[in-house]
Amino acid sequence: MSHPSRRLVVQAAAALTTGLLTLTACGSSGEPAASTSSSASSSSSASAPKSNLIAIITPSPDNPFFKAEADAAKKKAESLGYQTSVDSHDDDPNKQSELIDSAISRKAAAIILDNAGADASIGPVQKATTAGIPVFLIDREINQTGIAKAQIVSNNAQGAQLAAQEFVKGMKEKGNYVELTGKESDTNAGVRSKGFGDVISQYPGLKRVAQQTANWDQQEAFSKMETILQRNPDIQGVIAGNDTMALGAVAALKAAKKSGVIVVGFDGSPDAIAQIKAGTMLATSLQPAALGATTAVEQADKFVKTGATGQPEKQSIDCEIITKDNADQYGVFAKL
């Protein structure tokens with residue numbers, strides 16, 4: 001048989017314990033407990049902007065295309081009231097990972113990314129998304145859907161076909177030609193090369209005597225073209241996956257004192273347009289860098305404010321062909 005006073009102590013302790021549990025569950029202000037599930041906490045952080053920073057990460061601004069998109073994204077973001085950081089990963093996946101880690105640690109509201117590899121970028125994009133930071137890809141896609149909020153790219157297949165059609169006309173449907181391709185890790189390189197081939201393969205009089213990657217680089221294109229010309233001096237045309245490589249080819253042709261060679265590029269850079277006006281390039285296919293970048297920032301702003309973009313993840317922007325006839329209508333990767 002229990003002693004009465006001892007029963008009173010036990011009852012009092014039980015009441016005190018119940019009260020403490022109730023207080024812990026409700027919080028002093030009636031809010032839900034701090035110890036909610038990690039998934040709920042993650043969902044909350046994903047829906048609320050963490051800072052006023054938009055991080056803009058692109059390949060090297062030494063390439064005017066990447067500088068144009070970074071400048072356009074920065075200008076648009078700041079016009080919407082955001083702070084910005086602009087950095088280059090230099091097509092180095094490790095550096096890209098470090099920059100995305102930095103954006104996460106700075107609690108960026110969003111990341112605008114022209115990525116450093118279709119496969120190598122999947123992990124870093126997922127990491128940012130898991131941290132509640134929406135990522136908006138521009139110019140280059142990654143090989144996975146469902147983790148970036150948007151993938152906004154030029155219609156590379158359509159643009160390549162436009163460039164190839166102009167190339168075929170310039171070559172008068174016959175002759176030997178060289179193709180310079182971009183980085184193998186960049187899906188755009190393969191898409192553009194296929195677009196060129198889809199058109200050119202319809203003309204049996206056109207013979208590709210060499211196809212080499214110059215990794216989007218002007219100096220590498222110059223060196224590769226020099227070597228190709230030594231082995232294949234009888235060429236009538238060069239088609240390149242971007243303007244930077246096309247300009248390298250133009251320089252190599254000039255150094256070899258070869259004139260009258262048809263050169264077509266892709267991007268619509270101001271330097272390529274100058275060469276088109278001068279007659280040393282025939283054409284380039286414009287991909288509107290500024291439009292893609294500003295569109296990404298606008299959608300990032302909408303997502304930060306509403307939790308949705310109102311657009312599908314995969315989005316494409318049509319390219320335009322630039323020739324001597326219309327070159328005066330174009331400026332810095334945009335129509336004037």
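Hi everyone. Let me begin with a cut-off: a residue counts as buried when its relative accessible area is under 20%. Keep that in mind, because we will need it for one glutamine, Gln299. And please remember that we are looking at a predicted model.

Let's start with the sheet. It is open and has 6 strands, in the order S2-S1-S3-S4-S5-S11, with parallel pairing. At the edges we find S2, residues 83-88, and S11, residues 314-317; each has a single partner strand, so one side of each has no neighbour in the sheet. On average, neighbouring strands here are turned by 15 degrees against each other, direction ignored.

Now to the S11 end. Strand S5, residues 150-154, pairs with S11 in the parallel sense over 4 bridges. Which residue in S11 is the bridge partner of Ile152? That would be Gln315.

On to the helices. H11, residues 289-306, packs on the sheet and touches S1, S3, S4, S5 and S11. Its direction makes about 165 degrees with that of S4, which covers 135-138. Then there is H4, residues 93-105, lying across S1, S2 and S3 and running at about 160 degrees to S3.

Back to our glutamine. Gln299 lies in helix H11. Is Gln299 buried or exposed? Its relative accessible area is 8%, and the cut-off is 20%, so Gln299 is buried. Leaving out residues up to four places away in sequence, Gln299 touches Phe136, Ala150, Ile152, Thr309, Gln311 and Gln315.

Thanks, all!

Terms used
Residues numbered from 1 in each chain as written. Predicted model: local features only at pLDDT ≥ 70, side-chain atom pairs only at ≥ 80, totals over all residues. Heavy atoms only, no water. Pairing = 2+ DSSP bridges. Helix = DSSP H or I, 4+ residues; strand = E, 2+ residues; numbered from the N terminus. Axes fitted to C-alpha atoms, helices over the stretch in contact; angles between N-to-C directions. Contact = heavy atoms within 4.5 Å. Buried < 20%, exposed > 50% of the residue type's maximum accessible area, 1.4 Å probe, protein only.
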